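Please look through the structure below slowly, and keep it in view while you read the paragraphs that follow.

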Amino acid sequence: MTEKPILSVRDLKVYFHLDEGTVKSVDGVSFDAYKGQVVGIVGESGCGKSVTMKSVLRIVEPPGKIMEGQVLLSKRDNPDEYLDITAMNEKGKDIRAIRGGEIALIPQEPMAAFSPIHTIGNQIMEAIMLHSDVNKKEAREICIRALSAVGMSMPEKRVDSYTWQLSGGLRQRAIIAMAIASNPRLLIADEPTTAIDVTTQAQILRLLKDLQQERNMSILFITHDLGVIAQMAQYVVVMYLGRVMEKGPVDAIFHNPKHPYTQALLQSIPSAQKTTKVKLPTISGSIPHPFNKPKGCPFHPRCTRAVNGKCNRDLPSEFVVGDQQFASCYLYEGNEEFVR
Ligand code: SF4
């Protein structure tokens with residue numbers, strides 16, 4: 001790609017130093033997100049996808065610490081220049097201007113994000129006034145427009161509602177309104193539909209897609225659900241035990257996956273085309289305990305193609321396996337290596 005990314009995560013390492021040992025939650029993660037692109041980050045619980053997202057916003061809770069790597073965000077007024085988010089003071093004014101202003105978060109659980117004792121309008125207006133030079137009356141107008149943009153009926157009335165007066169779907173719409181009200185360039189959606197029913201989930205996904213297209217926003221979409229990824233993402237990053245196993249355009253990942261982990265994940269999804277009464281394949285073994293991460297390729301204890309003496313010894317590099325597609329696997333060792 002000749003275009004420059006809006007966000008570039010480079011060899012990010014985030015460790016948690018605990019009494020019992022060190023958990024290498026994110027251990028050398030690299031990927032880019034371009035303007036107007038939806039990047040899906042997919043993986044099982046504990047793969048490091050949420051810690052990666054928190055590192056982008058610098059909200060990793062202690063004892064978690066960014067040990068190495070960079071999170072680069074292009075400047076709004078000069079996209080050729082980048083700000084290094086990892087170099088910022090996590091409580092400083094630079095990162096506070098980025099959080100909610102340039103990069104907004106849609107959390108998994110809106111009840112935890114909103115206070116029950118203030119109206120949604122007051123909370124959204126507070127966020128708007130923090131990031132733009134507007135008075136209370138103007139902030140209320142922006143807030144009503146944002147509520148209307150997320151499909152909330154009677155926004156002039158609902159602006160004065162408390163979260164406990166709204167259904168789960170409306171609360172999720174309110175949190176999306178808060179996220180888009182300051183016109184961010186990048187939206188991070190952290191499993192935004194996990195806590196809602198299937199019908200509302202489809203509506204919220206449709207809404208996010210419409211907003212993304214209307215505003216040409218970039219989205220980092222974090223989920224464990226490959227179905228949601230297929231529906232939403234243009235580019236996919238597959239994570240396992242703090243590492244990127246494979247990344248590539250959504251069609252390549254779903255129709256021509258190269259990494260044994262991605263292949264196994266896709267084979268274990270039920271499909272309407274599959275023969276009935278045939279047991280679905282599963283990935284043998286279980287995810288190792290984070291304190292006991294295996295040496296070498298993190299997937300080797302469960303990989304049916306692991307080569308003893310190689311896969312269990314050293315970490316494989318990322319190899320080019322297709323157009324914008326990369327796999328961290330020794331099976332592609334002769335291919336060109338991914339370098340920035
Ligand atoms: Fe399997 Fe080895 Fe590839 Fe890891 S590097 S996925 S163990 S073949």
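A crossing of two helices is called left-handed if the near helix is turned anticlockwise from the far one by less than a right angle, and right-handed if it is turned clockwise. Helices are DSSP runs of H or I with at least four residues, strands are runs of E with at least two, and both are numbered from the N terminus. The model is a predicted one, in which local features need pLDDT of at least 70 and side-chain atom pairs count only at pLDDT 80 or more, whereas totals for chains, interfaces and linings use all residues. Residues are numbered from 1 along each chain as its sequence is written, and side-chain values use heavy atoms, with hydrogens and water left out.

The protein chain is divided into domain 1, residues 111–183, and domain 2, residues 257–332, with bounds that come from an automatic or database domain assignment. Taken over C-alpha atoms, the centres of domain 1 and domain 2 are separated by 43 Å.

With the handedness rule in mind, turn to the helix pairs. The crossing of α4 and α7 is right-handed. Helix α4 covers residues 120–131 and helix α7 covers residues 168–181, and the two pack at an angle of about 20 degrees with their axes 9 Å apart; here axes are lines fitted to C-alpha atoms, for helices over the stretch in contact, and angles run from 0 to 180 degrees between N-to-C directions. That angle makes α4 roughly parallel to α7, since angles under 35 degrees count as roughly parallel, over 145 as roughly antiparallel, 65 to 115 as roughly perpendicular and the rest as oblique. In this pair, Ile120, Gln123, Ile124, Ala127 and Ile128 of α4 meet Ala174, Ala177, Met178 and Ala181 of α7, where contact means heavy atoms within 4.5 Å. The residues of this contact of α4 with α7 divide into eight nonpolar, one polar and no charged; Ala, Val, Leu, Ile, Met, Phe, Trp, Tyr, Cys and Pro count as nonpolar, Asp, Glu, Lys and Arg as charged, and the others, Gly among them, as polar.

How do the axes of α4 and α5 cross, and at roughly what angle? The axes of α4 and helix α5, residues 136–149, come within 9 Å and cross at roughly 115 degrees, which makes α4 roughly perpendicular to α5. Their crossing is right-handed, and the contact of α4 with α5 has nine nonpolar, one polar and two charged residues.

Helix α7 also packs against helix α8, residues 198–215, at an angle of about 15 degrees and with the axes 10 Å apart. That makes α7 roughly parallel to α8, and α7 passes α8 in a right-handed crossing. The contact of α7 with α8 divides into six nonpolar, four polar and two charged residues.

Next, consider the ligand. The residues around the ligand are His259, Pro260, Cys297, His300, Cys303, Arg305, Ala306, Cys311, Cys329, Tyr330 and Leu331, each counted as near if one of its heavy atoms lies within 4 Å. By class, this shell around the ligand has eight nonpolar, two polar and one charged.

Two backbone details remain. Proline 62 and proline 63 are joined by a cis peptide bond with omega of about 10 degrees, and proline 63 lies in the loop between α1 (49–57) and β4 (64–74). Aspartate 11, although it is not a glycine, has a positive phi of about 45 degrees, and its place is in strand β1, residues 7–18.
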